[in-house]
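This briefing covers aromatic contacts, charges over rings, and strand pairing. Please look at the structure below before reading on.

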Amino acid sequence: MSMRVPDEFIALLRDKVDITDVISEYVKLKRVGQSFVGLCPFHGEKSPSFHVTPAKGFYYCFGCGAGGTVFNFLMEMEHISFVMAVEELAKRAGVPMPVMDQDALTDHAQSQKANVYRAIELAARFYNHILMNHEAGASGLSYVLDRGVKKPTIVSFMLGYAPTGGAKRDTLIHFLHKRDITNEVMKEAGLVLVTDRNEMIDRFRGRVMYPIWDMAGRVVGFGARALRDEKPKYLNSPDTSLFHKGHMLYGYHKAKAMMKKTGRVILLEGYMDAIALHQAGITNAVATLGTALTPDQALLFKRTVDEVILLYDGDAAGRAAALKNMSIIEDAGLSIRVAELPGGLDPDEYIAEKGPEVFQVEILAKAKSALFYRLHALMHSHPYHKTTDKVGYLQDAIAIVAKEESSIERETALRFLRDEYDVSINSLADDLERHRAVLHKGGRASGKNNRQSLSNRQEAVTSFSSQSLPKKQDVATQNLLTYMLMHADVARQVQERLPDNFSLPIQSALQAYLYAFYAEHDVADPALFLSFVDDPAVVSYATSLLQKAINQGIGNELPDPQVFDDYLSCIMEEKKERQLAEISTAMKEAQLRGDLVMMREKEAEFRRLLKSR
């Protein structure tokens with residue numbers, strides 16, 4: 001099981017920490033009756049389906065199936081272990097962690113993870129020291145200063161330089177060995193490479209180093225920029241147990257507070273772009289680790305902001321990246337605008353020349369809506385859009401406008417096209433209506449959020465709904481499991497009277513966890529049980545049953561004895577029907593093979609099962 005933390009301490013934390021207070025740091029919640037609702041942070045949506053029930057101590061999303069306790073929420077949001085979630089909540093509650101009963105394997109895993117964090121932190125400090133204080137980092141310091149980064153900012157972002165490492169290319173390795181970091185830990189941290197001759201060398205050499213932090217503010221990896229002609233120009237840490245490139249954003253830990261305050265984030269292409277904005281006092285700025293944005297990164301924004309302002313290069317590559325990432329951001333249910341810099345300037349160059357106030361007024365405040373950016377970007381695909389290719393451009397432009405949900409934006413776009421291309425607004429409106437009719441006929445109105453990217457947990461939750469039982473048996477099984485969650489005696493009666501597991505894998509898994517829980521606990525405690533389970537799909541399924549019980553007004557009363565017996569009979573009858581179908585199939589297969597012995601055995605088994613019904 002996931003727990004080595006004493007039950008009493010889990011109960012203490014549940015009493016001292018309000019799940020609503022924790023979740024409201026990530027999700028804007030609104031009270032509705034006894035619950036709170038908001039937009040789910042785990043998938044893109046425009047109508048709130050995420051419910052928090054503080055009296056019961058759990059949350060549940062009707063859209064994607066995410067659910068669990070405050071511990072599960074922190075684990076999902078911060079990508080941390082159960083024990084780390086407990087430690088974080090204990091810190092919030094101001095109570096010391098208990099001495100935990102951990103076996104040697106768990107001890108080793110926790111110690112190894114702590115050592116990996118320590119190794120990466122030491123590496124970041126080493127690189128920063130080389131940049132700031134050593135002649136080996138002079139070229140790196142010169143590059144950083146030439147880009148307008150001031151020394152306090154260098155310290156704040158822990159910018160560094162990875163030396164070439166001499167003949168053995170092992171300067172960092174030597175440094176870490178002297179601080180008792182093992183080769184195994186260095187490999188797991190992604191700090192080293194192993195050559196064909198089985199020699200270990202520094203992974204990063206001759207590069208400016210940008211530490212990358214997780215959401216909790218811990219260094220977990222690096223971005224590295226070559227200063228000469230080395231390829232690739234930018235190199236990231238490999239994916240490790242701590243670092244996942246597609247889940248992280250550069251500067252997020254520093255930007256989160258201002259993002260939440262303003263409801264807006266500025267998304268940039270490069271590390272230096274984000275650093276330049278922070279240095280200028282515009283601290284709600286982050287950058288991708290490369291130009292490609294992932295759905296998981298877009299969902300990070302969903303937790304704290306309503307609007308994303310994209311600020312990418314104005315060249316063809318920048319436009320292509322912006323257009324691709326706009327769709328991902330829109331799929332997450334966020335508003336988007338696109339800002340553009342004149343003359344191919346970088347943000348640091350523009351701010352150095354004009355100042356941060358002008359940048360705010362002339363660049364950010366004048367950012368185009370997503371629709372108008374698409375219309376302007378389309379002009380680059382139609383270089384003669386004002387002359388011989390005017391009709392082609394307008395046809396493609398109307399197709400873009402037709403997908404816009406806002407009628408105000410559509411009307412504004414039509415007026416722009418009318419004025420810019422001297423075309424009747426009636427003809428533009430006619431073409432627009434034809435396009436929208438086709439889109440609606442094809443199901444366009446189903447919405448953008450159907451293209452959501454779900455996590456492995458959410459896919460697992462979805463999978464159990466795709467498996468099916470006859471409705472009568474499914475209702476009986478779900479109701480029995482709900483009562484088992486709320487009453488230890490019901491679980492023990494089911495265990496005694498039902499010899500087999502439930503039919504569906506997710507229901508059978510929940511059944512097994514309940515039996516294991518009640519082997520150690522005398523009474524039911526649904527919130528404690530959810531903390532006991534280490535399978536996210538089972539946690540989500542159990543939470544869905546508990547939420548359904550609340551919606552149906554089912555309290556803590558025991559089921560009527562006759563109803564309980566009917567549930568069991570219904571489930572056992574379904575089991576026998578399934579067994580009969582399996583035996584019948586085996587009989588037919590034996591007959592086709594000409595296996596008379598097997599066929600007679602299956603016939604006898606079939607008759608015995610029929611008599612027992």
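Two strands count as paired if DSSP finds at least two bridges between them. The model described here is predicted. With that rule in mind, leucine 267 stands opposite leucine 310 in strand β14.

**Strand β12 and its partners**

- Strand β12 covers residues 264-268 and is mostly covered, as four of its five residues are buried.
- Strand β14 (residues 307-311) runs parallel to β12, and five bridges join the two.
- Strand β13 (residues 285-287) also pairs with β12 in the parallel sense, over three bridges.
- Leucine 267 has valine 286 as its bridge partner in β13, while its opposite residue in β14 is leucine 310.
- A right-handed β-α-β unit is made by β12, helix α11 (residues 271-279) and β13.
- In a regular strand the side chains alternate between the two faces of the sheet.

**Aromatic pairs**

- Rings of Phe, Tyr and Trp pair if their centres lie within 6.5 Å, and by this rule the count comes to 24 aromatic pairs.
- Tyrosine 60 and phenylalanine 62 form an edge-to-face pair, because their ring planes stand at 90° with the centres 5.1 Å apart; planes over 60 degrees apart count as edge-to-face.
- Tyrosine 60 is buried, because its relative accessible area is 11% and the cut-off for buried is under 20%.
- Phenylalanine 62 has a relative accessibility of 43%, so it counts as partly exposed.
- Phenylalanine 71 and phenylalanine 82 make a tilted pair, with 5.7 Å from centre to centre and 50° between the planes.
- Phenylalanine 71 belongs to helix α3 (residues 70-78) and phenylalanine 82 to helix α4 (residues 82-93), so this pair ties together parts that are 11 residues apart in sequence.
- Both members of that pair are buried: phenylalanine 71 has a relative accessibility of 1%, and phenylalanine 82 has one of 7%.
- One aromatic cluster is formed by Tyr26, Phe42, Phe50, Tyr59 and Phe73.

**Charges over rings**

- Lysine 254 has its charged end over the ring of phenylalanine 157, at 5.1 Å from the ring centre.
- Lysine 386 places its charged end over the ring of tyrosine 421, and here the distance to the ring centre is 5.6 Å.

Conventions:
Residues numbered from 1 in each chain as written. Predicted model: local features only at pLDDT ≥ 70, side-chain atom pairs only at ≥ 80, totals over all residues. Heavy atoms only, no water. Phe/Tyr/Trp six-rings, centres within 6.5 Å; stacked < 30°, edge-to-face > 60°. Buried < 20%, exposed > 50% of the residue type's maximum accessible area, 1.4 Å probe, protein only. Lys NZ or Arg CZ within 6 Å of the ring centre and 35° of its normal. Right-handed = clockwise from strand over helix to strand, strands pointing away.
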